[in-house]
Amino acid sequence: MSAAEGPLVVGVDTSTQSTKALVVDAATGQVVASGQAPHTVSSGAGRESDPRQWWDALGEALSQCGEAAREAAAVSIGGQQHGLVTLDAQGEPVRPALLWNDVRSAPQARRLIDELGGAKAWAERTGSVPSASFTVTKWAWLAEHEPEAARAVKAVRLPHDYLTERLTGEGTTDRGDVSGTGWWASGTEAYDEEILARVGLDPALLPRVVRPGEVAGTVRADHGLPFSKGTLVAAGTGDNAAAALGLGLRPGVPVMSLGTSGTAYAVSQRRPADPTGTVAGFADARGDWLPLACTLNCTLAVDRVASLLGLDREAVEPGADVTLLPFLDGERTPNLPHSSGLLYGLRHDTTAGQLLQAAYDGAVHSLLGALDLVLDADAAPSAPLLLIGGGARGTAWQQTVRRLSGRPVQIPEARELVALGAAAQAAGLLTGEDAAAVARRWNTAAGPVLDAVERDEATLNRITGVLSDAAPLLERDAASR
């Protein structure tokens with residue numbers, strides 16, 4: 001470990017599958033140690049995890065960091081959004097946490113939208129139209145299907161809240177993560193008592209919302225982790241808001257994240273309220289907003305097409321007028337939840353490599369549609385598009401985004417942006433800086449910039465036309481197939 005110039009801080013990313021910890025030099029942003037430990041997630045109808053696993057994984061990840069973790073002056077935890085953690089009077093889980101990708105609460109989501117004035121009213125009230133991902137729908141499901149468990153609950157937390165509370169002994173959350181619950185009103189930045197009453201949740205069971213830059217607490221004694229008693233603990237936040245901090249995002253700079261699913265977001269100074277529900281009107285961790293749109297089919301769908309064709313994922317070929325919509329899991333942007341993949345324009349001379357390129361084109365077309373919905377008057381049309389996530393390292397992804405967006409594309413070299421954003425939040429407690437300013441000082445977004453090329457309007461228009469013409473086919477619900 002090289003000598004640090006400033007105090008050390010710890011940033012944590014507790015995600016669906018694992019917990020990662022970074023020890024970072026607050027002065028330079030240098031990562032001086034790191035660790036990672038896995039979680040398990042149930043299979044079958046639901047997606048659940050025992051929150052105690054997250055705590056054990058945090059301990060293991062920190063132990064891998066060695067002595068550096070013991071020297072940390074502040075810590076912050078970023079985590080998977082939306083999950084419902086229910087605790088008893090002793091702070092122990094009443095049942096496993098319901099995770100963001102547990103969609104059993106879809107009927108409750110539909111009912112809540114209808115009962116409280118429809119989608120437009122929800123968007124104006126909370127910034128988002130709740131889907132089965134949102135915590136409020138999960139609580140409604142629990143109250144309906146497991147009423148004895150619901151009655152035993154003495155505290156309701158989000159995943160990052162649970163770990164923060166075990167560190168400090170105090171129930172806290174932040175505006176970034178709480179904005180994805182469905183029971184926080186974005187207009188007033190307070191818990192919505194009418195929504196809570198509708199789902200039978202006592203607001204006294206919810207954590208205090210910590211202001212940006214405020215200390216959430218200090219590490220208490222007998223926690224079993226390699227932190228000194230009294231170490232400062234920041235508010236933490238949800239994973240998307242933490243990644244935005246990790247990039248040091250300024251308003252209007254677009255981000256496209258290429259993972260199993262794809263996301264597009266940008267910091268905005270205007271409170272979003274999309275009545276269609278396509279854009280989630282999240283808050284960020286600083287005091288601004290983080291409108292975000294998601295596509296369901298991204299790297300996993302394109303890799304599946306490559307596998308079916310027997311090709312390496314980079315083996316694309318240009319030159320065809322074939323259209324492939326890789327909607328293998330339905331799609332969210334555009335809103336086609338029961339659609340499947342569609343291939344149009346296949347000819348004798350079409351090659352496998354051209355089919356694979358068409359899959360990339362179809363996926364990126366959806367992502368650019370999501371991006372168009374997210375960006376507002378704050379957006380700079382010539383600003384480089386920041387490309388992050390696992391797919392961002394792939395040449396085929398980079399070149400497809402570049403060609404179809406017509407923008408310069410920047411690929412940040414920094415990895416683990418959620419944990420880095422949490423670390424920047426912790427560093428801000430020590431220096432008094434805004435966390436995004438800390439990340440900019442660390443130069444976390446630095447990376448190669450691919451110059452803009454002329455936007456491929458012909459391909460974009462062709463895909464848009466196929467989508468329009470195939471709408472009756474793609475919009476059929478599952479029962480009609």
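**Note on the predicted model**

1. At 16% relative accessibility, E48 counts as buried. This is a predicted model, and the remarks below should be read with that in mind. The residue is placed in strand β4, which comprises residues 48-49.

2. Which residue pairs with E48? The partner is R95, and the closest N and O atoms of this salt bridge are 2.9 Å apart. R95 lies in the loop between β6 (85-87) and β7 (97-98) whereas E48 is in strand β4, so the bridge ties together parts that are 47 residues apart in sequence. R95 is itself buried, with a relative accessible area of 12%; a residue is called buried because its value falls under 20%.

3. R95 also forms a salt bridge with E146, at 2.7 Å from N to O. E146 belongs to the loop between α5 (135-145) and α6 (147-152), so this pair connects parts of the chain that are 51 residues apart in sequence. E146 counts as partly exposed, with 25% relative accessibility. Side chains of opposite charge can pair when their charged atoms come close.

4. A further salt bridge joins the side chains of E144 and R111, with an N to O distance of 2.9 Å. It links distant parts of the chain, with E144 in helix α5 and R111 in helix α3 (residues 106-115), 33 residues apart. Both ends count as partly exposed: E144 has 41% relative accessibility, and R111 has 35%.

5. For the whole structure, the search finds 28 salt bridges.

6. Where does E416 lie? It is in the loop between β23 (409-410) and α14 (417-431). E416 counts as partly exposed, its relative accessibility being 32%.

7. The peptide bond from T333 to P334 is cis, with omega near 5°. P334 is located in the loop between β20 (323-325) and β21 (342-344). A reader inspecting the backbone may wish to view this bond directly.

8. How many residues make up the largest nonpolar core? It has 61 residues, and those with the most contacts inside it are W139, W183, L201, L247 and Y265. Helix α14 supplies the largest share of this core, namely eight residues.

9. L247 can be followed in more detail. Leaving aside residues up to four places away in sequence, L247 touches V255, Y265, L386, I388, P412, L417, A439, T444 and A445. Among these contacts is Y265, which, like L247, is listed with the residues that have the most contacts inside the largest core.

10. A second, separate core is also present, with 37 residues. Its members include A359, L368, A396 and L460.

Terms used. Residues numbered from 1 in each chain as written. Predicted model: local features only at pLDDT ≥ 70, side-chain atom pairs only at ≥ 80, totals over all residues. Heavy atoms only, no water. Salt bridge = Lys/Arg side-chain N within 4 Å of Asp/Glu carboxyl O. Helix = DSSP H or I, 4+ residues; strand = E, 2+ residues; numbered from the N terminus. Buried < 20%, exposed > 50% of the residue type's maximum accessible area, 1.4 Å probe, protein only. Core = buried A, V, L, I, M, F, W, Y, C linked by side-chain atoms within 4.5 Å. Contact = heavy atoms within 4.5 Å.
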